Amino acid sequence: MSLGSGPPSGSLAGGPSEHTPQASDLGSAKADEAARRAYRRERQEGRIPAEVGPRSTPGRLRTLAVLCLGAALCMLAVSWTYVGQARDGLAVVGEEEGPRALASADLYQALADMDTQVAALVLVDGAGEDSGADREELLATYEDRRADANAALLQAGQLAMGDEEAERTVTETLDDLGRYEQLAGEVVLLSGQNGDTAPQGTFGGEGPSEADVVELYREAAELMSDELLPKAYNITLESGSVVRAAQEDSRAELARGQVLVVATGILLAATLALLQVYMRVKFRRRVSPPIAGAVLVAVLLALGVVNSLGNASQGLTEAKERDFDSAMAVAQARAIGANAHGDQSRFLLDTERADTYEQLYLEQAQSVVFVPGGSIQGYARTGEAVIADHLGEQVDGDVLAEAEEALEEGMLGLLGGETRGEEDGNGDTGSQAGVDAALAAYTELLAADARMREAAGSPQGAVRELLRGEDSVAGTYARYDEAMAEVAAMHRESFHANVETAAAGLGPWNWLLPAGTAAIVALVLAGVRPRLAEYTGNR
Amino acid sequence: MPTSRLIRPLLAVGTATAALAAGCSALAADAGSILDQDTVTIGVKGDQPGLGLEVSDGRFEGFDVDVAEFIAAELGFEPEDVEFVEVPSAVREYVLMERDAEPEELEALDVDESLLPGVEVDMVVATYSITAARRQLVNFAGPYYGAQQDILVSAEDTETENVRDLEGATLCQGAGSNSANRIVEERGVGAEIEETDTYAECLDRLAEGSIDAVSTDNLILAGFALEDPDAFRMVNAPFTAERYGVGLRKSDVAGCEEVNRAITAMYRVEEEEGTSPAERMLEDWFAETGLELNTSVPQFEGCA
């Protein structure tokens with residue numbers, strides 16, 4: 001017996017039968033009574049479950065329709081939430097933490113440059129007239145770099161907020177910076193006194209000697225190289241890891257979102273299908289067009305949102321892996337290059353430790369563009385060959401063959417590694433042209449460095465090679481740094497653009513989601529109402 | 001009636017979706033960071049006194065071991081969940097690549113399989129110098145210490161003061177090491193090189209007098225010299241930087257970053273003690289050598 005067919009049953013729960021028994025139905029009345037008693041017994045003993053839900057067709061129809069609307073709203077809620085999450089993730093990485101991390105990468109650069117200016121200043125004071133650089137200019141650059149360092153440290157500090165370890169590192173760096181500035185100030189003063197013909201009567205009749213100045217400078221330089229620079233570099237690395245973690249979290253969140261949207265979408269489609277089938281069975285219509293339409297809209301909506309979330313996640317990942325990581329690598333290469341440049345000055349200035357500074361310079365150069373080479377001369381020769389080959393110029397075969405053996409997969413190093421993007425087809429032509437320009441400038445820098453070291457025997461000549469003219473170490477370094485800055489800027493712009501594009505893709509859902517859900521609601525109502533009307537009208 | 005007939009399929013769909021979701025999120029998880037593990041296996045040296053020396057089966061001691069224990073504790077591992085195994089220099093990359101790399105890549109490393117520890121190693125703290133070439137294969141956290149190359153001579157030799165004084169001398173280096181080349185090639189000092197299997201043998205020859213000097217990382221030299229302090233003298237004129245890193249799997253960026261934080265904590269001066277854990281560890285093992293120790297946090301390599 002199909003439940004629900006037939007007239008609305010009266011109460012079955014006991015009470016005398018409602019009609020007086022007639023002769024014709026005496027037997028059936030007894031049977032009815034027996035059936036009712038049996039049914040009550042079974043009900044009392046719990047073997048027949050109470051009926052679920054409304055027992056009338058309009059009631060059931062309404063219930064199903066409400067279920068559909070509920071499922072639609074559920075999908076709307078989930079989709080809305082996760083589209084919002086996607087937007088937030090992009091904003092946090094693309095507009096807050098990403099740019100801050102990139103700004104903090106300038107810290108090392110600024111600090112290293114500060115020390116380079118001080119070293120150059122001491123050299124200039126010691127060399128006398130013909131050094132080729134202006135003391136005032138060096139001091140002005142020092143001041144600029146100090147301001148840059150403070151600004152970068154501020155950005156790093158903001159990124160570090162909430163992370164106790166990172167905050168302490170930033171605080172310690174601030175303290176060290178203060179100490180360094182004090183020392184540097186003393187060095188500049190002392191060096192100036194050494195440079196002038198010191199009036200008799202100061203310091204007991206003798207002016208400060210060059211050795212005194214170098215000794216004091218060594219203290220400052222050690223503070224910079226042993227305390228400040230490592231902390232600054234580590235701060236930048238930590239900033240990068242904050243961005244990476246944020247991007248990973250966002251990606252996981254969006255993956256979860258996709259699954260949930262699919263789940264609610266399936267739920268919605270299922271309830272709509274249930275409604276459709278019920279109506280088909282009850283009212284013997286094949287297909288209700290509005291309900292079918294609702295199913296279609298639901299499926300399209302769910303698929304659309306899932307696709308959008310996937311695109312946003314991918315856009316964020318690409319922006320982080322292609323642009324942000326490259327920008328950080330280039331920033332680090334610039335920073336290390338700045339310190340290596342300082343080592344070039346210190347090589348001339350602190351002759352007692354010339355060996356160490358030469359070694360340090362070589363190692364830093366190798367982390368920027370790695371080619372195997374035990375000595376500076378070997379490195380310069382091999383480096384020039386490898387870079388020239390990359391740029392498509394003529395090269396000495398033997399030197400190149402040696403290098404290629406060790407560099408099977410292409411150039412290594414923070415800058416060298418950026419060329420691999422081109423070979424893998426990942427990089428865009430704009431940034432590759434920039435990288436090539438930086439490499440060409442780097443070759444010039446290596447050549448200028450070689451000239452300076454050759455002239456190391458004569459102090460004045462060496463200082464000239466260091467500081468004077470466009471082909472000096474300082475000149476070529478400035479061009480190299482400029483080329484690197486351009487590459488970094490290109491990556492930053494690309495990062496920003498890609499994040500914006502990904503965010504724009506999420507924009508339409510602001511109106512599409514409510515509109516789509518409203519459409520589903522309308523279609524469900526449109527499908528159900530005529531049936532309801534038809535049914536109650538038939539009474 | 002349609003309602004009850006449909007409930008079962010509906011339930012089936014619901015369960016399937018839930019199962020799919022669970023399965024998908026499990027697949028989407030990373031290839032497994034060290035941070036998700038309950039136990040950790042750390043590879044150390046077994047034959048370098050002061051740094052990594054096996055004192056009994058499975059028990060090691062030395063500066064590297066102390067550093068590894070500190071890092072494991074910072075990462076949240078209990079001491080009983082930490083296992084140490086010996087990992088010789090030649091197989092350090094292999095053990096870290098074993099889990100994730102393709103068989104051809106492992107073949108290309110061409111290692112002597114008898115040197116492998118036979119268990120999956122998660123972290124290597126074994127005087128593992130960071131180089132650009134190694135960075136292509138593994139991830140390096142740290143460095144946790146910047147050693148420098150120095151020279152060890154016989155205690156009777158009072159004339160050798162720096163690397164240039166080695167002109168014409170006979171140097172000894174362990175197999176697979178690069179230290180002596182640094183002097184001859186990079187500094188251009190004309191010295192003769194003799195190679196032995198291990199640095200322990202070099203020290204024996206130095207004690208005998210058949211070679212003039214041994215040159216390698218100053219921590220390694222200090223550890224050996226401590227075994228017989230009156231026989232040797234550290235010249236204390238360091239001339240290169242060897243950065244000892246913590247080797248990790250290439251894919252484990254999150255673990256690498258966390259180890260970096262642990263190393264930063266290791267160098268943080270504790271207010272009550274007045275020293276940092278790193279300083280105490282270095283003093284424990286190397287104070288007697290008279291070696292100048294670095295107690296500021298080194299510049300990290302960065303996790304790829």
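How many residues does the contact take from chain B and from chain A? In this predicted model, local features need pLDDT of at least 70 and side-chain atom pairs count only at pLDDT 80 or more, while totals for chains, interfaces and linings use all residues. Residues are numbered from 1 along each chain as its sequence is written, chains are lettered from A in the order in which they are written, and side-chain values use heavy atoms, with hydrogens and water left out.

The contact (heavy atoms within 4.5 Å) takes 33 residues from chain B and 35 residues from chain A. B:Arg261, B:Arg268 and B:Gln299 supply 21% of the area that chain B buries against chain A, more than any other three residues. Buried area is the accessible area (1.4 Å probe) that two parts lose on being put together, summed over both; between the two chains it is about 3000 Å², with 55% given by carbon and sulfur atoms.

The table lists the helices discussed here, which are DSSP runs (H or I, at least four residues) numbered from the N terminus.

| Helix | Chain | Residues |
|---|---|---|
| α6(A) | chain A | residues 210-283 |
| α9(B) | chain B | residues 253-266 |
| α6(B) | chain B | residues 179-186 |

In the contact of α6(A) with α9(B), A:Glu238, A:Ser241 and A:Arg244 meet B:Val253, B:Ala254, B:Glu257 and B:Arg261.

Methods
Buried means under 20% relative accessible area, exposed over 50%, partly exposed in between (1.4 Å probe, protein chains only). Helices (H or I, at least four residues) and strands (E, at least two) are DSSP runs, numbered from the N terminus. Axes are lines fitted to C-alpha atoms, for helices over the stretch in contact, and angles run from 0 to 180 degrees between N-to-C directions.
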